[in-house]
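Here are my notebook entries from a first look around this model. Keep the picture open beside them as you read.

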Amino acid sequence: MLRQKEQIEFLSKKPPTCIKSTIETLMMNFQQISRNIDHLDQDLNQLSKRLDYLEESMTEHCILIQPQKQETKKKRRTANLIKRDFQCPYEKCDKIYGTDISLNLHIRLKHNGGSKIEREELAKKILDAKFQDEIEPEHSFNLPPNFIEDFQIHHQEYIHNLEKTYNKRILL
Ligand SMILES: [Zn+2]
């Protein structure tokens with residue numbers, strides 16, 4: 001903070017003339033960038049809607065191409081009749097999908113959760129770091145809640161090998 005005397009001196013000085021045009025240019029750039037962001041935001045919304053539609057169509061298609069048992073007439077299933085077992089694990093998201101492909105696509109695009117492979121690789125790195133008392137590796141995407149716990153449950157052999165390698169058990 002400037003002291004009062006310095007403040008008065010500073011304010012009484014005439015600003016150099018170039019400053020005004022510089023500020024104006026910056027303001028114009030800023031406004032242009034803001035407009036660009038607005039447009040990108042609109043595009044993103046559009047893409048998001050298209051993605052929802054494509055996911056719906058894909059799920060429905062996957063069900064329809066399955067061989068039908070002795071049915072002579074093909075009945076078109078409505079979206080409500082499609083079995084949906086793949087629930088989005090993120091909080092405050094109630095999306096449920098008919099295939100894990102659709103769910104993984106949703107996680108990657110809507111939650112920046114990375115691909116299934118990326119998430120599993122990261123889980124391994126995190127567990128490795130915990131076993132070695134190292135800090136958690138940095139990552140650029142959002143792991144779903146409880147992902148590490150779920151990974152442990154579904155990859156018990158991997159955990160068992162880690163415990164053998166480091167000769168200790170770990171409670172995470
Ligand atoms: Zn979700």
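I began with the UniProt annotation "domain: C2H2-type", which an unreviewed entry places at residues 86-116; such annotations may be inferred rather than shown by experiment, and UniProt positions follow the numbering used here. I found 39% helix and 13% strand over residues 86-116, with the end C-alpha atoms 14 Å apart.

A note on ground rules: this is a predicted model, where local features need pLDDT of at least 70, side-chain atom pairs count only at pLDDT 80 or more, and totals for chains, interfaces and linings use all residues. Residues are numbered from 1 along each chain as its sequence is written.

Next I looked up the "coiled-coil region" that UniProt, again in an unreviewed entry, gives for residues 30-57. That span is 100% helix and 0% strand, and its end C-alpha atoms lie 40 Å apart. Helices here are DSSP runs (H or I, at least four residues), as are strands (E, at least two), numbered from the N terminus.

Then I turned to helix α4, residues 116-131. Which of its residues are buried? I noted R119, L122, A123 and L127, where buried means 20 or more other C-beta atoms within 10 Å of a residue's own, with C-beta atoms placed from the backbone.

Last, I checked R119: it has 22 other C-beta atoms within 10 Å. Leaving out residues up to four places away in sequence, R119 touches G113, G114, L143 and F147 (contact means C-beta atoms, placed from the backbone, within 7 Å).

Methods. The expected span of a helix is 1.5 Å times one less than its number of residues. A residue is buried if 20 or more other C-beta atoms lie within 10 Å of its own, exposed if 12 or fewer, and partly exposed in between; C-beta atoms are placed from the backbone. Two residues are in contact if their C-beta atoms, placed from the backbone, lie within 7 Å.
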